[in-house]
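Welcome, and thanks for taking a look at this model with us. Please keep the structure open beside the text as you read.

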Amino acid sequence: MQERQTIRCDHGWNIRVVDETDSTNDALKRQLDAPHGTVLIARRQTGGRGRLGRQFLSPPGGLYLSVLLRPQVPSDQLLHLTPMTAVAVRRAISDCCGVRTEIKWTNDLVFGGRKLCGILTELNCREGSLQSVIVGVGINCNTDIASLDPSVSSMATSLAQIVGHRVEEDALASAVIFRLQQMDATLLTQKAAWMKEYAAACITVGRQVQILCGGERRQAFAEGIDENGGLLVRYENGETAAVTAGEVSVRGMYGYL
C-alpha cells in the first residue's frame with residue numbers, strides 16, 4: 001500500500017490517499033488505534049467487498065473511501081448509520097456533479113436504474129462493546145463501465161458517463177468527506193430529518209421485491225421505510241414486517257432494481 005499524501009481537514013479528520021490497497025475497510029481494520037475520523041482513500045482496490053461478502057470490483061477511475069468512526073453509543077443505536085451515509089453521499093454527488101441519484105435499499109445509489117455507488121458499514125465489537133465503525137464508500141466516478149464483465153456492466157453506470165465528461169476525483173472525495181462530517185455531527189440528534197430524506201429518495205419503496213432469508217425466498221410489496229432505515233414490507237399473505245439489512249438481501253422482481 002504505497003502512500004501518496006497525508007492531509008488534514010476540518011474537525012480533526014485525518015485523510016490518507018494511497019494508489020492501491022486490498023480494501024480500504026480492511027486497511028482501516030488493521031489500524032486498531034486509529035482515531036475517530038480517520039479516512040483512507042485508494043485509487044484502486046484489489047480485494048474490494050460488498051455486503052454479504054460479495055466482491056466489489058474496484059478498477060482505476062473509481063473513488064474508494066473508508067472512514068473510521070468511534071460513536072460513543074451501543075451498536076443497536078446505529079441501525080440508521082448506513083441509510084444516513086447513503087444520504088450524505090447522495091448530497092455530495094449532487095454538490096460536486098449536479099447529479100440527483102436515487103437509493104436502492106439499503107446501501108446502493110443508482111441513476112437511471114443502474115448502480116453508481118455501494119456502501120459497506122462494518123462494526124467492530126469487543127466483549128459486547130462497540131469499539132469502532134468503518135463506513136466504506138465506492139463510487140463509479142470515471143470507471144470504464146464497458147471494460148467490466150458484462151454481468152456487471154449491464155447494471156452499472158459512472159458519473160463520467162452521466163455528465164458526459166471526466167469528473168475530478170479529488171473534488172468528489174472532498175465533497176463526500178464534508179457530507180460525512182455533517183452526518184457524523186448529527187448522527188444522534190437529527191436522525192428523523194435524514195431518514196425522511198432517505199425514504200423520499202428510496203426507489204425500492206412502492207415496488208414488488210423478493211426477500212431472501214436463510215434460503216427462503218418470499219414475495220412482498222415494499223411499503224415504506226421505518227425510523228431506523230428498515231424496509232417495511234407486506235407479504236402476499238397480508239403479514240407485515242420491518243426488514244433489516246443484517247438479516248436479508250432484497251432483490252427487485254425484474255433486473256437490478
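## The nonpolar cores

A nonpolar core is a set of buried Ala, Val, Leu, Ile, Met, Phe, Trp, Tyr and Cys residues joined through side-chain atoms within 4.5 Å. Buried here means under 20% relative accessible area, exposed means over 50%, and partly exposed is in between, with a 1.4 Å probe and protein chains only. In this predicted model, the largest such core has 58 residues, and those with the most contacts inside it are Ile41, Ile93, Ile139, Leu159, Val176 and Tyr198. Helix α2 gives the most to this core, with nine residues. Helices (H or I, at least four residues) and strands (E, at least two) are DSSP runs, numbered from the N terminus. Apart from this core lies another, of eight residues, with Ala27, Ala34, Leu40 and Ile134 among them.

## Numbering and confidence

Residues are numbered from 1 along each chain as its sequence is written, and side-chain values use heavy atoms, with hydrogens and water left out. Because the model is predicted, local features need pLDDT of at least 70 and side-chain atom pairs count only at pLDDT 80 or more, while totals for chains, interfaces and linings use all residues.

That score, pLDDT, is the predictor's confidence in each residue, from 0 to 100. The mean for the protein is 88, and 87% of its residues reach 70 or more. Among the elements, α2 has the highest mean pLDDT (98) and strand β1 (residues 3-8) the lowest (46). Over residues 4-8 the score stays under 50, and for this stretch the model has 13 contacts beyond four places in sequence.

## Strand β8 and its neighbours

Nine of the eleven residues of strand β8 (residues 129-139) are buried, so the rest of the structure largely encloses this strand. Two strands pair if DSSP finds at least two bridges between them. Strand β4 (residues 63-69) pairs with β8 in the antiparallel sense over seven bridges, and leucine 65 stands opposite valine 137 in β8. Strand β7 (residues 114-126) also runs antiparallel to β8, joined to it by ten bridges. There, leucine 120 has glycine 136 of β8 as its bridge partner.

β7 and β8 form a hairpin with two residues between them. Glutamate 127, in that turn, has a positive phi of about 55°, and this is a residue other than glycine. Is glutamate 127 buried or exposed? With a relative accessible area of 83%, glutamate 127 is exposed.

One more backbone detail is worth a look: a cis peptide bond joins tryptophan 105 and threonine 106, with omega about 5°. Threonine 106 is found in the loop between β5 and β6 (108-111).

## Two sides of helix α6

The buried residues of α6 are Trp194, Met195, Tyr198 and Ala201. Seen down the helix axis, they fall within an arc of 125°, so they line one face of α6; the arc is that of the directions from the helix axis to the C-beta atoms. The face turned away from this buried side carries the exposed residues Ala192, Lys196 and Ala200. Covering the buried residues of α6 are elements including α2, β5 (102-104), α5 and β10.

## Salt bridges

A salt bridge is a side-chain nitrogen of Lys or Arg within 4 Å of a carboxyl oxygen of Asp or Glu, and by this rule the count comes to 13. One of them joins glutamate 169 and arginine 43 (3.8 Å, N to O). Glutamate 169 lies in helix α5 (residues 169-186) and arginine 43 in strand β3 (residues 38-45), so the pair ties together parts 126 residues apart in sequence. Glutamate 169 is buried at 11% relative accessible area, and arginine 43 counts as buried at 16%.

Another salt bridge brings together arginine 90 and glutamate 197 (3.9 Å, N to O). Arginine 90 sits in helix α2 (residues 81-97) and glutamate 197 in helix α6 (residues 191-201), 107 residues apart. Arginine 90 is buried, with a relative accessible area of 12%, whereas glutamate 197 is partly exposed at 24%.

Conventions:
Contact = heavy atoms within 4.5 Å.
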